[in-house]
Amino acid sequence: MNKDIKYFGIDISHLVFDVTDSDGNYYQFKNTISGFKKFVKLLTKHSHCVMEATGYYHYQLAYYLLESCFKVSVENPLSVKRFIQMRLSKVKTDKSDSKLICEYAKQVELKLWKGNSKHQTESLQITRLLAVYTKQSTMLKNKIHSESVLGNPSKAVVSSLKRSLKQVQKEINLLECKLLILVKEEHQDVLTRLKSIPGIGNKTAIMLVVLTDGFERFTSGSELCSYAGLTPVIRKSGSSVNGRSRISKIGNQKLRNLLFMCSFNACKYNKACREIYERIVAKGKSKKLALIAVCNKLLKQAFAIAKSGLIYDDSHRSTLVKN
């Protein structure tokens with residue numbers, strides 16, 4: 001803890017945000033621009049604001065503080081929750097949460113939040129909307145199928161469902177085209193090289209670039225795997241607990257799910273991934289564990305390709321995955 005820094009623990013909800021500073025002072029402000037202006041009057045160049053990533057509620061305040069040149073950290077809610085559990089706090093109020101976030105800030109090593117560029121912000125928004133439309137498309141297809149198996153399906157119902165499906169698919173195509181344009185504007189070179197990796201197609205390459213911000217925020221493949229929640233957690237304690245290793249799952253779920261879907265093709269067409277899969281299965285390990293190892297390998301390959309400026313070369317793969 002730096003004694004020159006004054007920490008402000010912030011707990012944000014839809015309408016208000018509660019603040020507790022290092023001196024124990026408590027404040028509450030409206031979660032609006034006017035509330036932000038009142039809050040920053042308390043801050044100096046030595047202030048460090050710390051909050052949890054709370055869905056969408058924290059974004060406006062975090063960006064306002066960043067643009068006002070104040071230090072901001074946006075922490076994983078799970079990390080804060082574990083800290084609170086360690087303190088064995090039985091009181092659960094917004095006031096107590098902001099106080100505990102402030103205590104958390106004093107005792108851990110914080111990373112400064114940098115926010116996203118306008119390109120990255122729009123790309124992530126499009127990605128989230130595409131996920132919504134994809135679910136709607138699947139639901140409509142299933143509904144059309146269920147209606148078609150009826151003995152006497154309503155023509156009006158089926159026609160309506162088909163019109164809705166056509167419109168959703170049209171929106172998906174428009175958004176995918178817009179996303180491709182945004183990615184090419186910033187990361188054309190990385191996108192081209194990622195597609196040279198066997199097992200990574202066009203859509204997967206685009207999503208990898210979007211979800212990692214072009215791999216620019218990471219310094220190693222291992223760090224990226226941790227971000228995706230693909231790092232193993234060892235369950236061992238003395239002689240009584242010796243459980244199976246599993247992945248942490250503390251990370252970007254979209255990235256993890258994307259890689260898992262790619263792992264099946266990677267096992268077929270990516271020599272390095274196929275070898276690691278066959279080696280793990282040959283040891284009697286589960287196929288799921290082998291696929292997770294493939295995800296890890298594939299992500300490290302993608303990181304190496306993105307950072308090296310090289311096209312994937314299977315004959316020199318060992319140098320590409322070094323981190």
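1. Strand β1, residues 6–12, contains D11. This residue is classed as buried, at 7% relative accessibility. Its C-alpha lies 5.0 Å from that of S98, although D11 and S98 are 87 residues apart in sequence. The model in which these positions are read is a predicted one.

2. For the protein as a whole, the secondary structure comes to 12 helices and nine strands. The protein has 323 residues, and buried residues make up 41% of them.

3. Which residues have the most contacts inside the largest nonpolar core? They are L194, L208 and F215, in a core of 56 residues. At least two core residues come from each of α5 (118–148), α6 (155–194), α7 (202–212), α8 (221–228), α9 (253–269), α10 (271–282) and α11 (287–308). The greatest contribution is that of α11, with 12 residues. Another core lies apart from this one; it has 20 residues, including I12, V19, F29 and A62.

4. L208 deserves a separate entry. With residues up to four places away in sequence not counted, L208 touches L194, I200, F215, L255, L258, L259, L299 and A302. Two of these partners, L194 and F215, are listed with L208 itself as the residues with the most contacts inside the largest core.

5. Helix α7 is mostly covered, with nine of its 11 residues buried. The buried set consists of T204, A205, I206, M207, L208, V209, V210, L211 and T212. These residues pack against five helices, namely α5, α6, α8, α9 and α11. Just after α7 comes D213, with a positive phi of about 55°.

6. T127 belongs to helix α5. T127 is buried, its relative accessible area being 5%. Neighbours within four places in sequence aside, T127 is in contact with L179, M207, V210 and K254. Of these, M207 and V210 are among the buried residues of α7.

7. The pair α5 and α6 packs at about 155°, and the two axes are 9 Å apart. An angle over 145 degrees counts as roughly antiparallel, and α5 and α6 are therefore roughly antiparallel to each other. The crossing in which α5 passes α6 is left-handed.

8. Most residues other than glycine have a negative phi. D213, which is not a glycine, has a positive phi of about 55°; D213 lies in the loop between α7 and α8. F215 is not a glycine either, and its phi is positive at about 65°; F215 lies in the loop between α7 and α8 too. Are these two residues buried or exposed? D213 is buried, with a relative accessible area of 12%, and F215 is buried as well, with a value of 0%. F215 is also one of the residues with the most contacts inside the largest nonpolar core.

9. In α8 the buried residues are G221, L224, C225 and A228. They lie on the same side of α8, because the arc they cover around the axis is only 100°. The helices they pack against are α7, α9 and α11. G229 follows α8 and has a positive phi, near 75°.

10. How do α8 and α11 meet, and at what angle do they pack? The angle is about 130°, with axes 9 Å apart. The two helices are therefore oblique to each other. Their crossing is right-handed. On the α8 side the residues involved are G221, S222, L224, C225 and A228; on the α11 side they are N296, L299, K300 and F303. L299 is also touched by L208.

Technical notes
Residues numbered from 1 in each chain as written. Predicted model: local features only at pLDDT ≥ 70, side-chain atom pairs only at ≥ 80, totals over all residues. Heavy atoms only, no water. Core = buried A, V, L, I, M, F, W, Y, C linked by side-chain atoms within 4.5 Å. Buried < 20%, exposed > 50% of the residue type's maximum accessible area, 1.4 Å probe, protein only. Helix = DSSP H or I, 4+ residues; strand = E, 2+ residues; numbered from the N terminus. Contact = heavy atoms within 4.5 Å. Arc of directions from axis to C-beta. Axes fitted to C-alpha atoms, helices over the stretch in contact; angles between N-to-C directions. Parallel < 35°, antiparallel > 145°, perpendicular 65-115°, else oblique. Left-handed = near helix turned anticlockwise from the far one by under 90°.
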